[in-house]
Amino acid sequence: MIENVVGVFGLPNGVAVNLLLNGVDRLVPMVVEEPSVVAAVSNMSRLTRAAGGLHAECDPSVMIGQVQVSNPAPGAAERLRDAIPMLSTIAVTVHPQLAAFGGGLRGMEVRELLYDEPGEEPEDILVLHFFLDCADAMGANMVNTIAERLMPEVVAITGGRAGLRILSNLADRRLVRAHVTIPFALLDEPTAGPEPEVPGSEVAAGIAAAWRFAWVDPYRAATHNKGVMNGIDAVALATGNDWRAIEAGAHAWAARDGQYRPLSTWKVRDGSLIGRIELPMQVGTVGGPIKVHPTVQQNHALAQISGARDLAMLHAAVGLVQNLGALRALAREGIQQGHMRMHARTIALEAGASGEAIGRVVSGLVARGEFTVQAAREILGR
Ligand code: MEV
């Protein structure tokens with residue numbers, strides 16, 4: 001798959017359970033090194049399934065390709081617009097088989113940009129955008145091949161200097177949306193001690209308040225979105241998808257109004273907590289490593305993924321429940337207590353425990369409520 005290979009690098013492949021998505025039970029393969037991530041998806045999926053689970057929908061798999069020229073001749077943008085029918089005819093010849101899979105060219109547009117960084121020489125930039133429905137592929141290779149093919153014509157038409165020809169990872173024509181409505185009663189929580197139960201209305205209010213903090217503050221929004229991406233990246237890895245592309249698209253989308261914002265929303269309405277997420281999702285079920293990596297194939301079979309849009313919806317649903325798990329913990333006890341409990345095994349191993357001693361150390365750390373290597377060593381008698 002890559003160059004200069006000296007080995008393979010293992011990561012845990014977990015399976016999150018309990019997810020009810022669009023009325024169908026789903027198993028979710030997740031590859032991630034961080035404890036609590038898979039547990040949180042399973043727990044929050046269990047909680048939300050009592051409310052009918054999550055609902056999701058997805059745009060067609062339309063990627064954007066960019067063909068850029070610098071310093072175009074006068075009137076170039078107009079000429080390029082007039083040439084769109086001719087350029088479209090060329091573009092469809094590059095992947096003629098795509099239409100049979102439900103994909104194909106979905107249009108073109110011309111964008112006129114001005115590079116105007118203060119103190120630097122301004123520069124006119126002209127970009128031809130084309131929109132390609134990549135069906136069940138992520139589509140990077142298909143888009144890039146078309147962009148390469150169009151460049152000579154674009155240069156000839158515009159009189160500009162050839163620039164880049166590459167896809168855009170801000171895949172904002174390929175958005176996925178998921179939502180969940182959780183009645184307060186499902187959020188009712190008993191606390192660990194003798195204190196009274198925390199009413200679900202308070203938990204919901206805490207989650208909504210945590211979301212408002214993220215909406216107004218990019219410092220919090222970054223962490224909020226990191227929690228969302230904990231789930232999304234883990235599914236992307238497990239299913240052989242390019243998580244860097246997904247990350248790039250997600251964060252560019254999060255900043256679309258000029259301020260970096262949370263990818264999800266959490267609001268209290270009419271006795272329920274309502275969560276929503278919307279983001280670009282450039283994932284595929286064909287191409288890339290998908291058909292050559294045996295574990296990826298097993299994960300696709302396990303999740304019973306029917307196509308790229310189905311997989312995109314699974315990503316969005318997992319991102320939303322992952323985020324719910326983090327906010328619920330943060331709004332109540334704080335994240336660290338539960339997280340460190342999950343982390344106790346790693347601490348036991350770090351302290352030198354092996355075999356049956358691992359379980360003994362984990363129980364000891366939980367009983368003490370102290371999750372340090374020093375405490376683990378004491379339990380081991382070292
Ligand atoms: C940790 O991996 C993710 C969190 O920081 C997310 C959040 O703060 O919302 C818990």
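1. The side chains of Arg81 and Glu112 meet in a salt bridge at 3.2 Å, N to O, a term that here requires a side-chain nitrogen of Lys or Arg within 4 Å of a carboxyl oxygen of Asp or Glu. Because Arg81 lies in helix H2 (residues 76-82) and Glu112 in strand S5 (residues 104-115), the pair ties together parts that are 31 residues apart in sequence; helices (H or I, at least four residues) and strands (E, at least two) are DSSP runs, numbered from the N terminus.

2. This is a predicted model, in which local features need pLDDT of at least 70 and side-chain atom pairs count only at pLDDT 80 or more, while totals for chains, interfaces and linings use all residues. Residues are numbered from 1 along each chain as its sequence is written, and side-chain values use heavy atoms, with hydrogens and water left out.

3. By the rule given above, the count comes to 17 salt bridges. Among them is the pair Arg149 and Glu153, at 3.1 Å, N to O, whose residues both lie in helix H4 (residues 140-158), four residues apart, about one turn of the helix.

4. The buried residues of helix H11 (residues 356-368) are Ala357, Ile358, Val361, Val362, Gly364 and Leu365, where buried means under 20% relative accessible area, exposed over 50% and partly exposed in between (1.4 Å probe, protein chains only). They cover an arc of only 165 degrees around the axis, which puts them on the same side of H11, the arc being that of the directions from the helix axis to the C-beta atoms. The face turned away from the buried side of H11 carries the exposed residues Glu356 and Ala367.

Definitions and conventions
Expected span 1.5 Å × (residues − 1).
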